[in-house]
Amino acid sequence: MNISKLHRLSAFFVATFAAIHIANHLASLASISAHLKFMEAARILYRAPFTEGALLVCVTFQGASGLWLVFAGWKQRRGAVAWIQAASGFYLALFLLIHLGAVLFGRAVLGLDTNFFYAAAGMHAPPFQYFFVPYYYVAVVALFLHVGCAIYWSGPVAFRGQTLTVGVAALGGVVASTLLVMSLAGNIQSFEIPQKYLSTYGR
Ligand code: HEM
């Protein structure tokens, strides 16, 4: 089995987690307590030692193999969809590296519950929102685009080769991303960030 096939195989596991994860963050549109309840239930699944170990291995492999594929296929890549797939994958790989590091650091070193408030705190501690808004916004759009491109090449027959598949994925990404970032920024409902989260930004 080559790297490209392993990348696709591991993608099923990572994408399943990502779907649950994005749904978890979208639950904050209903209320912060809905987000926290969803997370409590989802963690039983993804924080079980075997699942979490496998997830961290797969996410690391996904990022590393993705970077390899971006550079190894540089000269053969033709057409907009192939370049959108490479660009979105490149961003996701860098995002995941920082994101996983930040989540594990928050848990293991800062001893924080890495819930909604952990992600939102950076958006409420100026000037860090100038980093966090584009950082999260582009990540969610890139995720939708990357999955859209995968479906374009090798999804169900009806979607293969259809540029519309990538367009719909882009639209879904923009809508989900806008709602998620607005929710974290406190534009959907107001909330107080507990002091222990703000303290990590020297507030
Ligand atoms: C708006 C966008 C996002 C936000 C606000 C966000 C926030 C978070 C938070 C707060 C956690 C900690 C979860 C916990 O403690 O249970 C987390 C974990 C994680 N996130 Fe994200 N995330 C976002 C997008 C993504 C994307 C696009 C991916 C790509 C697949 C991703 C992958 C992960 C992974 C792998 C973990 C580690 C899970 C674990 O082992 O606990 N995240 N994220």
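**Exercise 1. Find the polar side-chain atoms that approach the ligand, and place their residues.**

Step 1. Start with His99: one of its polar side-chain atoms lies 2.7 Å from a nitrogen atom of the ligand. The model is predicted, so local features need pLDDT of at least 70, side-chain atom pairs count only at pLDDT 80 or more, and totals for chains, interfaces and linings use all residues. Residues are numbered from 1 along each chain as its sequence is written, and side-chain values use heavy atoms, with hydrogens and water left out.

Step 2. Turn to the oxygen atoms. A side-chain N or O atom of Thr114 is 2.4 Å from an oxygen atom of the ligand. For Arg107, a polar side-chain atom lies 3.1 Å from an oxygen atom of the ligand.

Step 3. Ask which elements build the shell. Those that give two or more residues are H1, H2 (32-46), H3 (49-72), H4 and H6 (129-154). Helices here are DSSP runs of H or I with at least four residues, strands are E runs of at least two, and numbering starts at the N terminus. H4 gives the most, with 6 residues.

Step 4. Sort the shell by type. There are 24 residues around the ligand, and His21, Tyr46, Glu52, His99 and Thr114 come nearest. A residue is near a molecule or strand if one of its heavy atoms lies within 4 Å of it. The shell divides into 15 nonpolar, 5 polar and 4 charged residues. Nonpolar covers Ala, Val, Leu, Ile, Met, Phe, Trp, Tyr, Cys and Pro; charged covers Asp, Glu, Lys and Arg; the others, Gly among them, are polar.

**Exercise 2. List the salt bridges and say what each one links.**

Step 1. Count. The whole structure holds 2 salt bridges. A salt bridge is a side-chain nitrogen of Lys or Arg within 4 Å of a carboxyl oxygen of Asp or Glu.

Step 2. Take Asp113 and Arg43. Their closest N and O atoms are 2.8 Å apart. Asp113 is in the loop between H4 and helix H5 (116-121), Arg43 is in helix H2, and 70 residues separate the two. Asp113 is partly exposed at 36% relative accessibility. Arg43 is buried at 16%.

Step 3. Take Arg107 and Glu52. Their side chains meet in a salt bridge at 2.9 Å, N to O. Arg107 belongs to helix H4 and Glu52 to helix H3, so the pair ties together parts 55 residues apart in sequence. Arg107 is partly exposed, at 26%. Glu52 is buried, at 15%.

**Exercise 3. Characterise Thr114.**

Step 1. Thr114 is in the loop between H4 and H5.

Step 2. With a relative accessible area of 10%, Thr114 is buried.

Step 3. Look for a protein partner. The side chains of Thr114 and Arg47 make a polar contact at 3.3 Å. A polar contact is a pair of N or O atoms within 3.5 Å; within protein, one must be able to donate a hydrogen and the other to accept it, and residues adjacent in sequence count only if both atoms are side-chain atoms.

**Exercise 4. Find the cis peptide bond, then compare separations along the chain and in space.**

Step 1. Read omega. The bond from Pro126 to Pro127 is cis, with omega near 5°. Pro127 is in the loop between H5 and H6.

Step 2. Take the C-alpha distances. His99 and Tyr135 are 36 residues apart in sequence and 9.7 Å apart in space. Leu67 and Ile32 are 35 residues apart along the chain, with their C-alpha atoms separated by 35 Å.

Conventions. Buried means under 20% relative accessible area, exposed over 50%, partly exposed in between (1.4 Å probe, protein chains only).
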